[in-house]
Amino acid sequence: MTPYQLANNTPLTLSPKFTLPEAERPNLSEVLPSDSIPIIDLNDHDIDDGQGPSPLVSKISQACEEYGCFQIINHGVPKELCQKVLVVATEFFQLPPEERAQYLSKDHRKQVKVFNYYRKYEGIGKVTMWSETFSHPWHPTEDFTHLLPTNPPQYREVFAEYARAIGVLFDRLLSLISRGLGLDEDCLKRRIGEKPGLNTQANYYPVCPDPELTMGLPDHNDLGSITVLLQVEGVTGLQVIKDGKWLTIDPVPDAFVINLADQTQVLSNGKFKSVRHRAVTNKLLPRLSLGMFYNPNYDTVIGPIEDLIDEEHPPKYRKYSFKEYMEEFYRQEGKRRSVKEAFELPRT
């Protein structure tokens with residue numbers, strides 16, 4: 001098998017550069033199946049008058065409290081469009097390394113970039129993850145396609161159509177999650193702010209000869225509000241942690257995985273969980289996932305929503321600007337991050 005060539009022209013091999021120290025390996029035999037992770041039908045409109053908890057809102061609220069993630073079906077994004085966007089993203093990673101290399105960057109301020117995740121380990125140094133990531137902005141209504149590659153030829157057109165559909169889905173999800181907290185349906189969207197930071201990450205995980213020695217993405221929490229994740233079908237890789245155990249999230253046909261991220265946990269005053277997750281590799285098939293992120297902009301002030309605070313539920317986090325959060329995020333570069341914990345208030 002010919003090793004995959006990263007954009008920096010490094011072949012992916014089980015050299016020390018890509019091999020995890022023993023204590024950090026995924027222990028795949030201990031990972032549990034994910035039968036319990038909710039699969040929620042967004043067509044479940046039973047007695048939903050747009051006010052208060054409907055069965056659909058209750059299911060989402062319970063998933064947000066217990067897991068911080070769930071899968072959704074009948075979400076309104078056409079199956080053909082999902083397939084097209086996975087195809088163009090895969091085609092990007094199949095371009096020659098020198099063509100992908102034009103986007104290589106370690107500068108977090110750069111909007112369009114190819115990069116590799118890594119962790120630093122004591123006594124070993126930097127270990128690069130078994131994946132390559134392509135990140136760029138998206139927007140449901142404004143033109144962003146001039147920032148995107150002209151090769152693959154359909155990339156710009158397909159991504160613009162996908163962004164429009166995902167924008168509608170984000171509005172619906174933020175509304176349902178707000179109602180799950182007992183708030184007005186536009187509350188979360190207002191608190192995240194008028195000009196959210198919208199970016200996407202396509203993560204490509206080439207075939208790995210020994211998945212026990214590597215990680216596709218290290219365990220982490222997403223940093224924004226919620227993430228809409230599309231996975232290729234037929235290849236597992238995404239895992240979430242619950243009660244100290246890793247669970248596999250198998251791809252469900254025509255479904256999205258919805259991950260709650262740190263800002264939603266803080267805004268909900270800890271009622272809803274930001275899910276810790278990771279990606280492992282596969283011995284037989286490559287895998288691709290496409291995450292769409294909805295983040296506050298740097299000036300937005302985040303803190304527990306006042307309606308969720310009372311004597312029994314004092315604030316768990318101090319207020320901060322999202323810029324402060326991101327500065328802390330970059331301070332923890334290369335480590336096992338725990339960013340929102342830096343903003344926790346002492347318990348009385």
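This is a predicted model: local features need pLDDT of at least 70, side-chain atom pairs count only at pLDDT 80 or more; totals for chains, interfaces and linings use all residues.

Biologist: What does UniProt say covers residues 196-296?

Modeller: The unreviewed entry carries the annotation "domain: Fe2OG dioxygenase" there. Such annotations may be inferred rather than shown by experiment.

Biologist: OK, the open sheet. What's the strand order?

Modeller: E1-E2-E12-E9-E14-E7-E6-E3, so 8 strands with mixed pairing; two strands pair if DSSP finds at least two bridges between them. E1 (39-41) and E3 (113-115) are the edge strands, each with a single partner, so one side of each has no neighbour in the sheet.

Biologist: How do E2 and E12 pair, parallel or antiparallel?

Modeller: Antiparallel: E2 (residues 69-73) and E12 (residues 256-260) share 4 bridges. Cys69, for one, has Asn259 of E12 as its bridge partner.

Biologist: Which strands does H2 touch?

Modeller: H2 packs on the sheet and touches E3, E6 (132-137), E7 (197-205), E9 (226-231), E12 and E14 (287-295). Contact here means heavy atoms within 4.5 Å.

Biologist: How does H2 cross H4?

Modeller: The axes of H2 (residues 79-93) and H4 (residues 155-180) come within 9 Å and cross at roughly 135°. Axes are lines fitted to C-alpha atoms, for helices over the stretch in contact, and angles run from 0 to 180 degrees between N-to-C directions. That makes H2 oblique to H4: under 35 degrees counts as roughly parallel, over 145 as roughly antiparallel, 65 to 115 as roughly perpendicular, and the rest as oblique.

Biologist: Who makes that contact?

Modeller: On H2, residues including Leu81, Val85 and Phe92; on H4, Tyr155, Phe159 and Ala165 are among them.

Biologist: Switching topic: where's the cis peptide bond?

Modeller: From Asn151 to Pro152, with omega near 5°. Pro152 is in the loop between E6 and H4.

Biologist: And what's the phi of Asn27?

Modeller: Near 45°, a positive value in a residue other than glycine. Asn27 lies in the segment before E1. Most residues other than glycine have a negative phi, and most peptide bonds are trans.

How values were computed. Residues are numbered from 1 along each chain as its sequence is written. Side-chain values use heavy atoms; hydrogens and water are left out. Helices (H or I, at least four residues) and strands (E, at least two) are DSSP runs, numbered from the N terminus.
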